[in-house]
Amino acid sequence: MKDYYSLTAAQKMHHNWIQDYKTQQVSGVSVVASLKAALDFGLLKKCIQLEFERYGCMRVRFTKPDEKGQVKQYIAEKETRDIPLKDLSGMSLAEADKLMQQWAYETFEGDDIPLCDVTMVKLPEGFNGFFIHMDHRLIDSCGLVVMINDLMQLYTHYRFGSEFPKDLADFEMVLERDLKKANNEKRLAKDKKFWDDQLDALGEPLYSDIQGPSVLEEARKKHGNKNLRAADIELKDLFVEVKDYYLEPEPTKNLIAFCMNHQLSMTNLLLLGIRTYLSKVNDGQEDITIQNFISRRSTHDEWTSGGSRTIMFPCRTVIPAEMEFIAAAYEIQNVQNRIYMHSNYDPALIMEEMRKRYHTPEHTAYESCYLTYQPLPVKMDNPHLEQIPQHSKWFANGAATKKMYLTVSHTEHGGMNFSYHYQTVHLKEHDMELLYYYMMRILFKGIAEPDMSIGEIMEQV
Amino acid sequence: MTNEMQFKKIVAQYCEVKPEDMKNEMRFREDLGFSSLDFMSFLGELEDTFDVELEEEDVLKVLTIAEALEMMEKLQGEA
């Protein structure tokens, strides 16, 4: 008999977005991984089928909602979906990318259905590999990178006799452990106290928009409340564009060195860059909140069990203009460290508490910017493939729940990639250009003169 | 009192060093490769396993295994 489980906080976050935005498209995650080499597709298919057996999260399904709208998850014993081979080798790389982008827009419709599709692909310019399209409630990007590596280790084991990959942690066991931890009353009370204390100390947060104070003003007019501190989120037109900017290895090295020399994490430096920009374009507003995603993967089991473990928490800082750049960075680090300690909490409960306290209107938010810092590149880390050129690419699902979502990752040549996903109904590419330009100006001014005040930096950049 | 080996087994879940190879002067971040998130999650695990309540101000000062062990001994002694 199958066991049925509640959803974890991270899964609930995606599930709630599907409910709020009324489309599963907001929960799609897709990636293509390929090698410039001939592949034995028969063997690759067998390895993909074996991966379905090894990596339990690929077999997760959700029940039909009950009368209260609640769903449960279970792990299907076997996945029987076909693993087709599509030949795109006659196209240009751009055409193939465009087609795969269309696949990434597809939705999984229904209850009790498989939520993971794998398609083997022959790509232009001699690349061959596979395209994975999944529901984010099953997996996050770190989980996908682990899966791709495991799959290629299986392939090289059977093809070249390399070592069989190490066992992956059992998804179901880790899920049970996570749910038990989430229901630990003592911990729950401690976490709630931490988040409640923050509201007690700072009061209601204040919205800050990439486009300045006019957005909040508009929301105030719409709701007929001149004291409103939250702004409306877009529910209908979710189309998203992606703009990538590449930071060269040399300046990247400077950012990394600054972090190392000052015992700072890159996430906190990036948060400081974004919040200073928001402050600058919002007339020096001191109280700024950014949603920051963290991946709850610390132990070996958490790293190799797959699943959706990425969750966002509001990083709220009140930083006066006279505070020095370095002091502001430590202030953010201090806030973030405390958040990490309480990151088992369900962020939906923080929102619920704010709605209760401040009567925040439905479908409004205090944040316009969301950040993910991803230190892990999508690379097949396999000695048998070291000399073979690789091509991998993430595809946006085309429906953004967030106004602006920035993913920062490291490239294999030592640079950094800043990938801005933005809702086109409200933002233009030019807004992203400004954001990136000023973020870099702020960060490099700050690391060059860490004793300079935030106010001076905002004036000078 | 904190069982040192039990403590090190928990540490080993977060890093590549085996419990028997851990030296008490090892630093969580520099020697064991803990990120800030790893370290904070690890502290939560300690609280649950040893049924102690850590003070946030104190834990942020902990750098090495020896310091963490000392903090745990003190907390359990007070209990």
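Start by selecting the two chains: 13 residues of chain B are in contact with 13 residues of chain A, contact meaning that the C-beta atoms, placed from the backbone, lie within 7 Å. On chain B, select helix H2, residues 36-50, which gives the most to the side that touches chain A, with 9 residues. Helices (H or I, at least four residues) and strands (E, at least two) are DSSP runs, numbered from the N terminus. The residues of this side of chain B divide into 6 nonpolar, 4 polar and 3 charged. Ala, Val, Leu, Ile, Met, Phe, Trp, Tyr, Cys and Pro count as nonpolar, Asp, Glu, Lys and Arg as charged, and the others, Gly among them, as polar.

The model on screen is predicted: local features need pLDDT of at least 70 and side-chain atom pairs count only at pLDDT 80 or more, while totals for chains, interfaces and linings use all residues. Residues are numbered from 1 along each chain as its sequence is written, and chains are lettered from A and ligands numbered from 1 in the order in which they are written.

Next, select residues 185-202 (helix H6) and 347-358 (helix H12) of chain A. Their axes come within 11 Å and cross at roughly 40 degrees; axes are lines fitted to C-alpha atoms, for helices over the stretch in contact, and angles run from 0 to 180 degrees between N-to-C directions. H6(A) and H12(A) are therefore oblique to each other (under 35 degrees is roughly parallel, over 145 roughly antiparallel, 65 to 115 roughly perpendicular, and the rest oblique). To see where they meet, show A:Lys192, A:Trp195, A:Asp196 and A:Leu199 in H6(A), with A:Leu349, A:Ile350, A:Glu353, A:Met354 and A:Arg357 in H12(A). These residues divide into 5 nonpolar, no polar and 4 charged.

Follow chain A past H12 to A:His359, in the loop between H12 and strand S11 (364-365). A:His359 counts as exposed because it has 10 C-beta neighbours inside 10 Å (buried is 20 or more other C-beta atoms within 10 Å, exposed 12 or fewer, partly exposed in between, with C-beta atoms placed from the backbone).

Now go to A:Glu125, in the loop between strand S5 (116-122) and strand S6 (128-135) of chain A. Phi of A:Glu125 is near 60 degrees, again a positive value in a residue other than glycine. A:Glu125 has 12 C-beta neighbours inside 10 Å and so counts as exposed.

Finish at helix H9 of chain A, residues 266-281. H9(A) is mostly covered, with 14 of its 16 residues buried. Just after H9(A), A:Asp283 takes a positive phi of about 55 degrees.

Note on methods
The expected span of a helix is 1.5 Å times one less than its number of residues.
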